[in-house]
There are 2 protein chains.
Amino acid sequence: MRILVVEDDPRIAADITAALSAAGYAAETARDGEQAWFRGDTEDFDLVVLDLGLPRLDGLTVLRRWRTAGRAMPILVLTARGAWAERVEGIDAGADDYLPKPFHMEELIARVRALIRRAAGHGAAVIEAGVLRLDTRQMRVSKDGSPVELSPLEYRLVSYLAHHRDRVVPPGELIEHLYGDDDAREANALEALVARLRRKLGADAIETRRGFGYRLVGSAT
Amino acid sequence: MRILVVEDDPRIAADITAALSAAGYAAETARDGEQAWFRGDTEDFDLVVLDLGLPRLDGLTVLRRWRTAGRAMPILVLTARGAWAERVEGIDAGADDYLPKPFHMEELIARVRALIRRAAGHGAAVIEAGVLRLDTRQMRVSKDGSPVELSPLEYRLVSYLAHHRDRVVPPGELIEHLYGDDDAREANALEALVARLRRKLGADAIETRRGFGYRLVGSAT
DNA sequence: TCCCGGCCGTCAGCTTCCTGTCAGGAGGAA
DNA sequence: TTCCTCCTGACAGGAAGCTGACGGCCGGGA
């Protein structure tokens with residue numbers, strides 16, 4: 001379960017992500033509206049915790065843009081206490097739930113859980129690619145029906161490739177997705193990761209297109 | 001994927017096109033507003049990166065003219081940081097996204113990718129030219145239905161020619177696109193590349209117009 | 001607090017093969 | 001013919017990628 005926490009106050013953001021991690025979710029943060037919008041638009045999250053007061057791009061705008069772009073993940077909006085206008089607008093814009101600040105962390109977790117449970121009804125949580133089968137909800141991968149143990153990073157790599165099936169993904173894009181382009185890792189890290197993955201998934205699971213990038217093998221579903 | 005970069009600063013323009021090329025796109029530049037408007041109006045691009053401060057014809061005007069003329073390609077506007085007025089006007093005028101300068105090249109690429117993906121609803125990822133078939137997502141070329149293995153540089157050359165079908169492309173333009181005109185390669189490099197390509201694609205796939213340039217053979221689809 | 005195990009980045013060595021360069025040749029233009 | 005443009009095969013330097021090994025870091029357990 002991958003959750004995006006959009007919150008500009010670093011301390012609150014850290015608290016929330018810590019609590020979410022403790023509850024078993026993979027939480028990532030965005031510090032401003034632009035970054036949030038962008039990540040929500042290009043990556044796949046199972047839920048978003050969205051603060052409305054954001055620098056650079058207002059939370060409501062972010063929310064609306066996601067919805068008009070067809071992004072359907074559940075969104076939990078954090079509002080200032082008593083800000084009814086905000087709340088109404090948020091619901092109009094497509095929020096699934098709201099939580100007035102300040103709040104107890106337990107309540108946040110409970111609502112997140114409820115939203116995710118509710119959303120479990122529709123989204124296709126399983127991606128198949130050749131002999132591989134990827135359960136995005138449980139973050140599990142199986143090959144030929146038998147489960148494969150993957151490390152978090154390995155899983156994210158496979159997941160990204162699976163979401164971009166039949167496309168050759170250039171190494172730079174993968175590195176950006178895996179490491180968030182903060183500090184350029186020694187380029188070799190990606191190759192080592194791919195090698196480890198191939199050992200687990202089979203050598204032919206991931207195809208290398210020399211000079212182009214990597215591609216997950218497997219005809220479309 | 002063909003991208004028009006409208007930017008009057010030659011260095012920035014070169015940086016952007018280089019980055020886009022590295023990401024697998026065929027990038028071309030327009031240096032002023034008039035040229036930009038004309039090319040965007042008469043040719044087909046999959047996306048436009050548009051700087052607003054342009055000589056001869058303002059970027060916003062170009063944008064508006066395109067939209068009123070019914071041109072629907074996604075447009076990513078580059079604005080000066082903090083220029084809120086510009087940004088609002090840009091969105092009003094029909095921009096799909098904006099990016100404040102200065103920006104990280106990675107972010108530009110990522111946004112370009114997002115825009116193209118979002119627009120992917122209609123545009124075909126496959127270009128056909130005679131017996132050749134170019135899959136831009138898998139970065140693969142097939143001839144008469146059977147796949148042909150191309151090196152990255154070979155692919156980019158074919159891709160560029162395919163995007164400029166039925167046009168004779170002068171060698172200088174090809175060299176600029178392939179190598180980014182930093183250091184002039186020995187002219188022969190291009191010829192050697194063409195020779196290698198002909199060996200793989202068939203001698204008549206690429207026509208030489210002596211003194212003018214090269215052209216990909218194949219009736220328009 | 002210490003130990004252990006897993007994760008993952010780094011390194012070095014190696015293989016593959018891409019691609020620029022060169023030299024010689026073919027063929028069009030004048 | 002003569003010149004000039006372009007083609008092509010050969011070759012070598014080096015870039016891109018793979019792999020096994022090593023060790024730092026972190027979290028869990030005693």
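For my notes, Ala, Val, Leu, Ile, Met, Phe, Trp, Tyr, Cys and Pro count as nonpolar, Asp, Glu, Lys and Arg as charged, and the others, Gly among them, as polar. This is a predicted model, where local features need pLDDT of at least 70, side-chain atom pairs count only at pLDDT 80 or more, and totals for chains, interfaces and linings use all residues. Residues are numbered from 1 along each chain as its sequence is written, and chains are lettered from A and ligands numbered from 1 in the order in which they are written.

**DNA strand C.** I looked up who sits near it (C-beta atom, placed from the backbone, within 6 Å). I found 23 residues around DNA strand C, the closest being A:Ser151, A:Glu186, B:Ser151, B:Leu153 and B:Glu186. By class I noted ten nonpolar, five polar and eight charged residues on this surface. Helices H6 (152-163) and H8 (188-201) of chain A, and H6 (152-163) and H8 (188-201) of chain B, each give at least two residues to it. Helices here are DSSP runs (H or I, at least four residues), numbered from the N terminus.

**Chain B against chain A.** I counted contacts as C-beta atoms, placed from the backbone, within 7 Å. Chain B brings twelve residues and chain A brings 13 residues. On the chain B side, helix H5 (residues 105-119) has the largest share, five residues. That side splits into five nonpolar, three polar and four charged residues.

**H6(B) and H7(B).** Next I checked which residues meet here: B:Leu153, B:Arg156, B:Leu157 and B:Tyr160 of H6(B) touch B:Leu174, B:His177 and B:Leu178 of H7(B). I sorted this contact into five nonpolar, one polar and one charged residues.

How values were computed
Two residues are in contact if their C-beta atoms, placed from the backbone, lie within 7 Å.
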